[in-house]
Amino acid sequence: MNTNTTHLQARAKALRLAGLLAHWDSLAATPTQLAWVVRLLDCEEQLRGQRSLERRMRAAHLQPFKPLADFDWSWPTRCDRETVQDLMGLAFMADATNVMLVGTNGLGKTMLACNLAHQALVQGHTVLFTSATDMLGELTALDSDSALRRRLKHYGAPDLLVIDEVGYLSYSNRFADLLFELISRRYQRKSTIITTNRAFKEWHEVFPNAACVVSLIDRLVHRCEIVMLQGDSYRLKEAMARAEHKTASRAAPQRQEVMKRKTRAQRAQQREYGLAELGLANTKAIPRTLRIAANWTPKQAMAVYEILDDLMDVIWRQYGKDIQRALKHDRTYDAKDFSSPGIDETDVPF
């Protein structure tokens, strides 16, 4: 039996294909049959791998998150990018190292934790994501020791446990004791990721009067990668950007409404003034009434419409403030109204 056949049998054994192994000599006797067996094992491994990933994804309870490629590294004033990218290699899980993501609200702590958890799932590890409030609330609600032991075993079993939002609320001594028990069970056995908005010196405020806080922190940081994030909230930045976009979207109809307020008499008078300024007031070749050709095709009409629409935008950018000022005083343009040859685009309401 050559090395290739031995390797194939090991793959079949790992897939628990007992029937294939029992009839191996008859099913893999020729090179053609052996090629068929290789194809069979490839298909089975691919399907089982996909199903395993889907099953572990459901069990992980990961919340929706943005991929690390969308993370704005320039936004936090402090964030060790090299450390985060190194953590994505999951080398910290080999020796049960913990990861602490520390920073104020809206800096992407949960996003980074979810990306680490997803990477672990893709690499074949089991993962469980939970918030500190949900987990500790569930554990304290159990009314029997056996049920509590089962749930502690449940949270202690995954290769990677992500505990989100530690420090956003204050907890009683009972909560502190349960968290300490869970961390002790996972200590030097499995990796844990914790996101928190509090420095360790402030954890006495999170767990007031709890005697185990020092021991809890000691077990967490013994083998731990600490990533500090500082800066303003990215959520606030996105909210302000959305507000500015909505304001700009509302300003465009306002511009159109301003243009509609002009009466036909005003339009005619303004047109006469414009022709006079151009020295064309007495030019009979220019019609006073615009007539549309009856033989335009729809494409030709649309092309002319787009040209006129672009022209209106250019005029508005150039003289938008002057037009608004003139309309506000309910009069037409005078040469002195146009105090400047142009208007900065940042001042245009659309």
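Is Arg16 buried or exposed? Arg16 is exposed, with a relative accessible area of 75%, where exposed stands for over 50% relative accessible area, buried for under 20% and partly exposed for the range in between (1.4 Å probe, protein chains only). The structure is a predicted model, in which local features need pLDDT of at least 70 and side-chain atom pairs count only at pLDDT 80 or more, while totals for chains, interfaces and linings use all residues. Residues are numbered from 1 along each chain as its sequence is written, and side-chain values use heavy atoms, with hydrogens and water left out.

The secondary structure of the protein consists of 14 helices and five strands; these are DSSP runs numbered from the N terminus, helices being H or I with at least four residues and strands being E with at least two. Of the 350 residues, 35% count as buried. The protein exposes about 21800 Å², and carbon and sulfur atoms supply 53% of this area; accessible areas come from the Shrake-Rupley method with a 1.4 Å probe, and for residues only the protein chains shown count as cover. Among contacts (heavy atoms within 4.5 Å) with a separation of 6 or more, 76% are between residues 24 or more positions apart.

Arg16, with a phi of about 60°, is placed in the loop between helix 1 (3-14) and helix 2 (18-22). Leu90 has a phi of about 65° and lies in the loop between helix 5 (81-87) and strand 1 (98-103). Whereas Arg16 is exposed, Leu90 counts as buried, at 9% relative accessibility.

Helix 2 also contains Leu21, which counts as partly exposed at 32% relative accessibility. Not counting residues up to four places away in sequence, Leu21 touches Gln9, Ala12 and Lys13. The C-alpha atoms of Leu21 and Ala10 are separated by 9.6 Å, the two residues being eleven apart along the chain. Pro64, in the loop between helix 4 (31-60) and helix 5, is exposed with a relative accessible area of 80%. Its C-alpha atom is separated by 8.5 Å from that of Cys114, 50 residues apart along the chain.

In helix 7 (residues 132-141), the buried residues are Ala132, Met135, Leu136 and Leu139. Seen down the helix axis, these residues fall within an arc of 90°, so they line one face of helix 7; the arc is that of the directions from the helix axis to the C-beta atoms. Asp134 and Ala141 are exposed on the other side of helix 7. The buried residues pack against strand 2, helix 8 (145-156), strand 3 and helix 9 (173-186).

Asn105 is placed in the loop between strand 1 and helix 6 and counts as partly exposed, at 42% relative accessibility. Leaving aside neighbours within four places in sequence, Asn105 is in contact with Tyr168, Asn197, Ser233 and Arg235. Asn105 and Asn197 are 92 residues apart in sequence, yet 6.8 Å apart in space, C-alpha to C-alpha.

Rolling a probe the size of a water molecule over the atoms shows where empty space is left. On a 1 Å grid over the protein atoms alone, a pocket is an open set of points where a 1.4 Å probe fits, with protein on both sides within 12 Å along at least five of seven lines, and lining residues have an atom within 4 Å of a point. The second largest pocket has a volume of about 520 Å³, a volume being the space filled by probe spheres set on the points, which are joined across faces, edges and corners. Of the 27 residues that line this pocket, the closest to its centre are Leu107, Gly108, Lys109, Met111 and Arg235. Helix 6 (109-122), strand 2 (127-131), strand 3 (160-166) and helix 12 (234-260) each supply at least two residues of the lining, and helix 6 gives the most, with four residues. The lining divides into eleven nonpolar, eight polar and eight charged residues; Ala, Val, Leu, Ile, Met, Phe, Trp, Tyr, Cys and Pro count as nonpolar, Asp, Glu, Lys and Arg as charged, and the others, Gly among them, as polar.
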